[in-house]
Amino acid sequence: MSQAQSQAEAPASALPQNRNLYAVVCAVVIALVLGSLDNLILGVAMPTIVGELGGLDHLSWVVTAYTLTTAVSTPVWGKIGDMYGRKGVFLSAITIFLVGSAMSGMAQSMWQLICFRALQGLGGGGLMVGALAIISTIVPVREQGRFQGMISAVMGASMIAGPLAGGVITDHLGWRWCFYVNLPLGAVALIMITSMLDLPKQSAKARIDYLGVALLTIAISAVVLVTTWGGTEYGWVSGTILGLMALAVVAIAAFLLAERRAAEPVLPLGLFRNANFSLATVIGFLLGAMMFAVMTFLPLFQQAAQGASPTYAGLQLLPVFLAMMVANVVVGRVITSSGKYKVFVIGGGALATAGLVLLSMLEPDTSRLFSSAAMALVGAGMGCLMQTTLIISMQSVEPKDLGVASSTATLARTIGGSIGVSVMGALFAGRVSASMAERGGDAAAAVSGGAQLEADKLKRLPEAVRSAYEFAVSSGAHRVFLLGAALALVTFAVAWIIREVPLRTTLGTPEPEAAPPAKSAKV
């Protein structure tokens, strides 16, 4: 058994008392909100940032740098938390995130901002992982539903409020406060966690798996760059993209070989021998692809085909977020009271499939009631899946591996989203181009360049060209949502294979049906 076994043997006195439990959860939620709000707030401020700092050609790297370092650092944060103690590692992640935020707010050039965003992303990679691992450490799996439901509800609310808050902050305080606003919130989280959370200290005897970290970093970086650059900066068959694909394949193969030999692997491959853990990871990957597809292409359809402004298109996503929030809260409470969760994975897949099929039927003149109902179904389905996949992942591992389990779940969703958006983006762009070409060269030329996908400019186009473009966007969106429905259907099928194991009601090892318990571990 690993040196982290002491976590499983933690006495009750080492865990937060009931009077502090909600305060600790509140602090964890604040840290989570920091990470989720950051990109949402910043998206609204991007035009203002470019106006002051310049560097329009490098604008995408402000997001890519953060996404890349977040993805790369996620599994590392999870593993070192398991090895050296989750409290200290979580506090370190928050601190790095806040330092990156402060420096980003002080950036004097676009390249400075990109570098500081990369630093911010290094800390951001540990926020979700640390939060989930801490919740799983101090709350038995059976009781986690209500807490995760509350956390998911807050996250959903932040998705709604983020763009609006970004606009208000940028208009009244300036874009730099989009970063500075993190500092007081982060300080509150640091103080509360430091003073109220008491976890057993750990000391690892084995060395960090530096080779595994390096190979996994190369593999994740290559995958993220392929999905970011493919079809935009470089063609899919260009030497750069093909080279990155080859690098990713080689790095993944080398990583798998290295992990078999490592004394303390950054990603223990033995976890995937547990069928439920593997299935939950697959569903998390598919969920990431579905979620990012809806959040990316639904507003795009609303702006280009239905003439909505960016702000109004964001508000039209309310049915998705509200349904997701309600589903998370309800599912969490039911799981806590009944201990049953498989039905929600199956139901989530069915709801998401139905909703995405309905979204594939949207037209420029579709009624608001129909589109809202479709979005609500998708949101409810994703809410059911978000909650249950996390619970299954945490239930399927020993307490010493909670950090790795949370980082694997987070990384699967992130990579799924990156690959999903990239593939669906290529499908969408190809269909739009083909549809416009069918209408003739004049129509295709009229919507190229700056008029493309901008509602105010599209309104100034000739009626025939605008109608042709709205039809092309609708056709492209139909294919994207149908692909999303196919992924949801796969999720629905995979959900039936999951084995419903009784959820743990103590802070000990998994139930025998889920995974063999350690002989020396006690609760």
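At what angle do helix H8 and helix H15 pack, and how far apart are their axes? In this predicted model, H8 (residues 210-229) and H15 (residues 402-438) meet at an angle of about 30°, and their axes lie 8 Å apart. Angles under 35 degrees count as roughly parallel, so H8 is roughly parallel to H15. The handedness of this crossing is left-handed. If you want to pick out the contact on screen, look on the H8 side for Ile 220, Val 223, Val 224, Val 226 and Thr 227. Their partners on H15 are Leu 411, Ile 415, Ser 418, Ile 419 and Ser 422. Sorted by class, that contact has seven nonpolar residues, three polar ones and no charged ones.

Now stay with H15 and bring in H14. The axes of H14 and H15 come within 9 Å and cross at roughly 145°, and here the crossing is right-handed. From H14, the residues involved are Met 386, Thr 389, Leu 390, Ser 393 and Met 394. They meet Leu 402, Ala 405, Ser 406, Ala 409 and Arg 413 in H15. This contact splits into six nonpolar, three polar and one charged residue.

H14 also packs against H13. H13 passes H14 in a left-handed crossing. The H13 side of the contact includes Phe 344, Val 345, Gly 348, Gly 349, Leu 351 and Ala 352. Across from H13, the H14 side includes Phe 370, Ala 374, Met 375, Gly 381, Cys 384 and Ile 392. By class, the contact of H13 with H14 has 17 nonpolar residues, five polar and no charged.

That leaves the empty space. Rolling a probe the size of a water molecule over the atoms shows where such space is left. Here, the structure holds five cavities of 30 Å³ or more. Let's step into the second largest cavity, which has a volume of about 70 Å³. Which helices supply at least two residues each to its lining? Helix H2 (60-84), helix H3 (86-105) and helix H4 (110-138) each do. Among the lining residues are Trp 77, Gly 78, Gly 81, Arg 86, Val 89, Phe 90 and Ala 93.

Methods. Residues are numbered from 1 along each chain as its sequence is written. This is a predicted model: local features need pLDDT of at least 70, side-chain atom pairs count only at pLDDT 80 or more; totals for chains, interfaces and linings use all residues. Side-chain values use heavy atoms; hydrogens and water are left out. On a 1 Å grid over the protein atoms alone, a cavity is a set of points where a 1.4 Å probe fits but cannot get out, and a pocket is an open set with protein on both sides within 12 Å along at least five of seven lines; lining residues have an atom within 4 Å of a point. Grid points are joined across faces, edges and corners, and a volume is the space filled by probe spheres set on the points. Helices (H or I, at least four residues) and strands (E, at least two) are DSSP runs, numbered from the N terminus. Axes are lines fitted to C-alpha atoms, for helices over the stretch in contact, and angles run from 0 to 180 degrees between N-to-C directions. Angles under 35 degrees count as roughly parallel, over 145 as roughly antiparallel, 65 to 115 as roughly perpendicular and the rest as oblique. A crossing is left-handed if the near helix is turned anticlockwise from the far one by less than a right angle, and right-handed if clockwise. Contact means heavy atoms within 4.5 Å. Ala, Val, Leu, Ile, Met, Phe, Trp, Tyr, Cys and Pro count as nonpolar, Asp, Glu, Lys and Arg as charged, and the others, Gly among them, as polar.
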